[in-house]
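Hi,

Here's the structure I said I'd pass along. Have a look at it first, and then read on for what turned up.

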Amino acid sequence: MASWSEFAADEPRLADEIRLLMQQYGPGFGYLATVRADGGPRVHPVSPVITDDGLWCFVIDSPKRRDLERDGRYALHSFPPEESDDEAYVAGRARPVTDPATVARLARVARAAPRGDWRLFEFTVDVAMLTRRDPVAQPGAGRPQMRVWLDPRGAAPARRDPLVADGRRGRHGFDTRCPAA
C-alpha cells in the first residue's frame, strides 16, 4: 500500500490531475465508498484533504467511520465537474491517525471543528485512475482517455510479459504507466 506521497512521486502528473478534480470546488469533495459489515457497499459524500504528504479524511461518528474502523477498504470518487464527465478514482486502505501533532496540523489545514466528534484517517493508494472525456464530442462518441496507476508493490502479477519490466508491473500484470484503453 503506497502513501499518497509515494504515488505522487511515482506519477506526479496523474496525482496533480486527480488532486485538481478532487479540489475543483475549493476544499476536497468526493464520494467515499466503504464496506458495510454485511459486505455490501456504503457511499457518502466527504471532504478529502490532499497534502504533499498524504491523502486524509476527517470522518464523524457515523456508519462510514465504523466501516473504516472495522474494514479499512475504501474507494474515493471525485464529484463530477459541471463542464465535463471527467472523473478521478482512488482506492486502498484507510488507517486511523493517532499522532496528536499530525491530527492538529491537518485540523488546521482543513479547518476542522476543534470539538467535533471526528477521527482522522489516512488513505493509502492501491489504485488511482483518471478518466478524461472530450467535452465537445457527442455523448457516446469517441473513447474516454483513461490513465491507471497500480501500486507496484501489490501482489505478484498473474502472468509474465517479457516486454514489461518487473519494476513497472502492477498487481494485475500490466504496465501501470501506459494509458488504459
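Let's start with a side-chain pair: Asp 71 and Arg 73 are joined by a polar contact of 2.7 Å between their side chains. Keep in mind that this is a predicted model. If you want to find Asp 71, go to the loop between α3 (63-70) and β5 (73-78). Is Asp 71 buried or exposed? Its relative accessibility is 15%, so Asp 71 counts as buried, the cut-off for that being under 20%. Leaving aside residues up to four places away in sequence, Asp 71 touches Val 35 and Arg 93.

Next, the largest pocket. It holds about 350 Å³ of space. There are 15 residues lining this pocket, and the closest to its centre are Pro 27, Ser 47, Val 49, Ala 110 and Arg 111. As for which elements give two or more residues to the lining, those are β3 (49-51), β4 (54-60) and α4. Sorted by class, the lining has 11 nonpolar residues, three polar ones and one charged one.

You'll find Arg 111 in the loop between α4 (100-110) and β7 (118-123). Its backbone has a positive phi of about 55°, although Arg 111 is not a glycine.

Cheers

Note on methods. Residues are numbered from 1 along each chain as its sequence is written. This is a predicted model: local features need pLDDT of at least 70, side-chain atom pairs count only at pLDDT 80 or more; totals for chains, interfaces and linings use all residues. Side-chain values use heavy atoms; hydrogens and water are left out. Helices (H or I, at least four residues) and strands (E, at least two) are DSSP runs, numbered from the N terminus. On a 1 Å grid over the protein atoms alone, a cavity is a set of points where a 1.4 Å probe fits but cannot get out, and a pocket is an open set with protein on both sides within 12 Å along at least five of seven lines; lining residues have an atom within 4 Å of a point. Grid points are joined across faces, edges and corners, and a volume is the space filled by probe spheres set on the points. Ala, Val, Leu, Ile, Met, Phe, Trp, Tyr, Cys and Pro count as nonpolar, Asp, Glu, Lys and Arg as charged, and the others, Gly among them, as polar. Buried means under 20% relative accessible area, exposed over 50%, partly exposed in between (1.4 Å probe, protein chains only). A polar contact is a pair of N or O atoms within 3.5 Å; within protein, one must be able to donate a hydrogen and the other to accept it, and residues adjacent in sequence count only if both atoms are side-chain atoms. Contact means heavy atoms within 4.5 Å.
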